[in-house]
Amino acid sequence: MQIVRHVDDYHPFRGGVVSIGNFDGVHLGHREMLRKLVSLAKSRGVKATAMTFDPPPVALIAPERVPPRLSTVKRKAELMESVGIDCLLVYPTSREFLNLSAQDFFEQIIRQQLQAIGLVEGPNFFFGKGRQGDVNLLAEMAASQQMDFEVVSAVEQDGMVISSSLIRQMISQGRIEEAVHWLGHPYRLTGTVETGASRGSGLGFPTANLTDIQTLMPRAGVYAGVTEIEGRHYPAALNIGANPTFADNNFKLEAHLIGFQGDLYGQELSVDLLSFTREIQKFENAAQLKSQLEKDVSEIQAIVSNRIVQ
Ligand SMILES: Cc1cc2nc3c(=O)[nH]c(=O)nc-3n(C[C@H](O)[C@H](O)[C@H](O)COP(=O)(O)O)c2cc1C
Ligand SMILES: Nc1ncnc2c1ncn2[C@@H]1O[C@H](COP(=O)(O)OP(=O)(O)O)[C@@H](O)[C@H]1O
């Protein structure tokens, strides 16, 4: 799998099959479409490309409406690689690009730049200025060039169409188990470990504080998660939000890694969220918080080991 950020570097993948979209979260619906793309590529003996945009078009059209992302480009690429995609083309969005008519988008981008021989899209794919082109128009354009074209029907779960925006809502509300069910994989948060107030070790529960997280944060609460360090998995007891017991109102993500010992300062760390376990509370004193943390840790350990057994 290769991440390509400039069309000039795309030539090894030209003449392949392509699917275009934001693919935020690479959820079960996206993955179904990408699997179809991979099987079309295999049957034609060509490469499979997922084309996405950075920044997302909405960032230029209506910046106030840009939702926080579910996935970084790196995470998208990892998830796409697992279904067999060869190239993630991250197209640099510009005003000029967004002003292309549907006809020019097809001619200039799909035919000339990508030289695609086949396309796979979902039913609500739109292209060209003002979303003027839809899958019916694309089907006609593709047929006129003898290109393969498949529209994959929207994937449903629990009677609803799986969508990135619904998954964002679930995460914002702390409904992590539902989000994980819809994503088809854990919800991952990645950041850099920074120095905190140095209270954690004193309590007997050191916590790695993550800064510079680029994706959507869930609502405040205590969560169960899991993290991987040098090939070993550790259950993670997470506090996402403030520390009211210490009158510290900063919203932050802290992870106590159960069974880990070592220095993580300055390192990049990812945590996979599994479930919400309780609300953050203001305790009378540090001793009461500490006894609650002991309960949290055994509960979270059990949640994580159940997941691993499944
Ligand atoms: C699993 C877990 C649950 C926590 N729950 C609470 C809580 O309910 N109330 C609270 O004030 N702090 C809570 N904390 C946060 C601690 O106050 C915090 O980890 C401690 O102050 C250390 O902060 P530091 O990393 O900045 O040194 C929790 C921390 C963890 C790891
Ligand atoms: N099991 C562990 N879980 C999380 N961090 C740990 C653990 N063991 C050691 N550490 C280290 O301890 C640091 C957290 O200690 P803590 O006293 O909470 O300080 P800080 O306030 O700087 O976060 C982490 O950033 C990490 O480098």
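Predicted model: local features only at pLDDT ≥ 70, side-chain atom pairs only at ≥ 80, totals over all residues.
I started with the shell around ligand 2 and sorted its residues by class: eight are nonpolar, 10 are polar and one is charged.

**Still on ligand 2.** Next I looked up who sits in that shell. Ligand 2 has 19 residues around it, and the closest are Gly196, Gly200, Ser201, Pro206 and Leu264. Which elements supply at least two residues each to the shell? I found helix H9 (200-203), strand S10 (208-211) and strand S13 (248-257).

**Domains.** I checked how the chain is divided. The domain assignment gives domain 1 as 2-160 and domain 2 as 186-309. Their C-alpha centres are 36 Å apart. How many residues of each domain are in contact with the other? I got six from domain 1 and five from domain 2. On the domain 1 side, the touching residues split into two nonpolar, two polar and two charged.

**Helix H1.** Then I moved to H1, which covers residues 28-44. This helix has 17 residues and spans 24 Å from first C-alpha to last, close to the 24 Å expected at 1.5 Å a residue. Just after H1 comes glycine 45, and I noted its positive phi of about 65°.

Which residues of H1 are buried? My list reads Gly29, His30, Arg31, Met33, Leu34, Leu37, Val38, Leu40 and Ala41. I also looked at what covers them: the cover includes strands S2 (17-20), S3 (48-54), S5 (118-121) and S6 (148-151), plus helix H3 (73-81).

**The largest nonpolar core.** This core has 37 residues, and I looked for the ones that touch the most other members: Val17, Leu37, Met80 and Ile85. The elements that give two or more residues to this core are S2, H1, S3, H3, strand S4 (87-92), helix H5 (102-113), S5 and helix H6 (135-144). Which of them gives the most? It's H1, with six residues.

Leu37 turned up both among the buried residues of H1 and among those top core members, so I looked up the contacts of leucine 37 with a cut-off of 7 Å between C-beta atoms. Skipping neighbours within four places in sequence, leucine 37 is in contact with Val17, Ser19, Ala48 and Val120.

Technical notes:
Residues numbered from 1 in each chain as written. Chains lettered and ligands numbered in written order. Helix = DSSP H or I, 4+ residues; strand = E, 2+ residues; numbered from the N terminus. Expected span 1.5 Å × (residues − 1). Buried ≥ 20, exposed ≤ 12 C-beta atoms within 10 Å, placed from the backbone. Contact = placed C-beta atoms within 7 Å. Near = placed C-beta within 6 Å. Nonpolar A, V, L, I, M, F, W, Y, C, P; charged D, E, K, R; others polar. Core = buried A, V, L, I, M, F, W, Y, C linked by C-beta atoms within 7 Å. Domains from an automatic or database assignment.
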